Amino acid sequence: MKKHNFDEIVNRRNTECKKWDTHPTDVIPMWIADTDFKCPQEIIAAMQKRVEHGIFGYPVNANNFNEAIVNWQKKRFGWEISADMVEYTPAVVTAIIFALRAFSCPGDRVVVQMPAYHPFHAIIPDNGRYIAANQLIQDENGEYQIDWLDLENKLSHPRTKIFLLCHPHNPVGKVFSLAELEKIAILCAKYSVLVVSDEIHSDIVYAGNKHIPFGKVSSLAAENCIVCVNPSKTFNIAGMRSGAVVIPNKLIHRRFYAAVEDNKAYGRTIFGTLPIEVAYNECDYYADQLLDYLTDNLNYLRKYLQDNIPQIKVYNHQATYLVWLDCKALAMPPKQLNDFFLKEAKVAMNEGSTFGSGGEGFMRMNIACPRTTLEAALERIAAAVDKLNL
């Protein structure tokens, strides 16, 4: 059986790497959502072979790409789709922008569950739309639940056109259940609100939870959705700037593609499509082993915090390698909290308030790194917290 070495340390400094070249060299970066793992050797070999050809002219829109998406959705999630439902996009966020422009007008409202992936806070107002915030609520166990009364109130507004679902949710790490997804589908159909489901983290779902593509939930859901997918988080190919959408409804698909054409974004890239095809067709083993490694990292993080830094808590983290740390016991306002980790602990993470309402007092930590890196970061944090004398 093929085996990938996730313990390998790869020096990423001075490689135009946003994660490692943004902060000073004495800081351990645990922030932006890419991993510190080499992508599968199959992807590297396929790209090397293509480079050796030496000519990189305009590619055709080969069906290989579409079929790779079909293949992955079927074998990993049991979602039976056809190649004509798939559309190439330059990235997931770009696809969301196309959906905003195709299915809403300036002044319309987009429902987003808070706290929310920070680019959502920019792309919606930057396109002249308004965010209608549906606040996720933490229960007594720290788990996030949907405020259904508020959600229906937001969806029922006559200017609400889109529900932007982050599924699994970033940053809180929630996996939505079938019952929750069915209820969302019913409410959105009731008020003629299109569901745009960002499923970029769908491969990173921990034991006891299951990712269900929104389009698989029901026929009602399938006819009223755009599902955005991208293997970049799983296989560490985010720099390829590529992705896809799956749109079962043909009319919605045509309207979406009109927005793609309007922005002349229909041309595919040689080194955007090739790694996705190889990842989805040949690299199941890598995705499986990645999840096992991340599970071990998550368990290590939990135990380390419990034993050494009880002031910082992790609740029932269900998905993604971006762990939502509750740092409220440190009693620091957002900027001070961020400075504490960056300047005192020398660990760079994403400060919670940048994700919007409900993020205050939290930090988002990327644990997709070799264990030695995680250990070093936690030791730094423990030493810095000890100095606070809380």
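This is a predicted model: local features need pLDDT of at least 70, side-chain atom pairs count only at pLDDT 80 or more; totals for chains, interfaces and linings use all residues.
Rolling a probe the size of a water molecule over the atoms shows where empty space is left. In this model, the largest pocket has a volume of about 1100 Å³. Its lining is made up of 39 residues, and those nearest the centre are Asp 34, Asn 236, Ile 237, Ala 238 and Gly 239. Helix H1 (18–21), helix H4 (92–103) and helix H9 (232–235) are the elements that each give two or more residues to this lining. H4 provides the largest share, three residues. Sorted by class, the lining of the largest pocket holds 18 nonpolar, 11 polar and 10 charged residues.

Cavities are a separate matter. Across the whole structure, two of 30 Å³ or more are found. The largest cavity has a volume of about 40 Å³. Helix H3 (residues 63–77) contributes the most to its lining, with three residues. Among the residues lining the largest cavity are Trp 72, Phe 77, Glu 199 and Tyr 280. The second largest cavity contains about 30 Å³ of space. Strand E3 (109–114) and strand E7 (160–166) each supply at least two of its lining residues. That lining has six nonpolar residues, three polar ones and no charged ones.

A polar atom of its side chain lies 2.8 Å from the backbone oxygen of Ile 32. Asn 366 also touches other residues, including Lys 19, Asp 34 and Tyr 321. Of these, Asp 34 is also one of the residues nearest the centre of the largest pocket.

Note on methods: Residues are numbered from 1 along each chain as its sequence is written. Side-chain values use heavy atoms; hydrogens and water are left out. A polar contact is a pair of N or O atoms within 3.5 Å; within protein, one must be able to donate a hydrogen and the other to accept it, and residues adjacent in sequence count only if both atoms are side-chain atoms. Contact means heavy atoms within 4.5 Å. On a 1 Å grid over the protein atoms alone, a cavity is a set of points where a 1.4 Å probe fits but cannot get out, and a pocket is an open set with protein on both sides within 12 Å along at least five of seven lines; lining residues have an atom within 4 Å of a point. Grid points are joined across faces, edges and corners, and a volume is the space filled by probe spheres set on the points. Helices (H or I, at least four residues) and strands (E, at least two) are DSSP runs, numbered from the N terminus. Ala, Val, Leu, Ile, Met, Phe, Trp, Tyr, Cys and Pro count as nonpolar, Asp, Glu, Lys and Arg as charged, and the others, Gly among them, as polar. Lists of a residue's contacts leave out its neighbours within four places in sequence.
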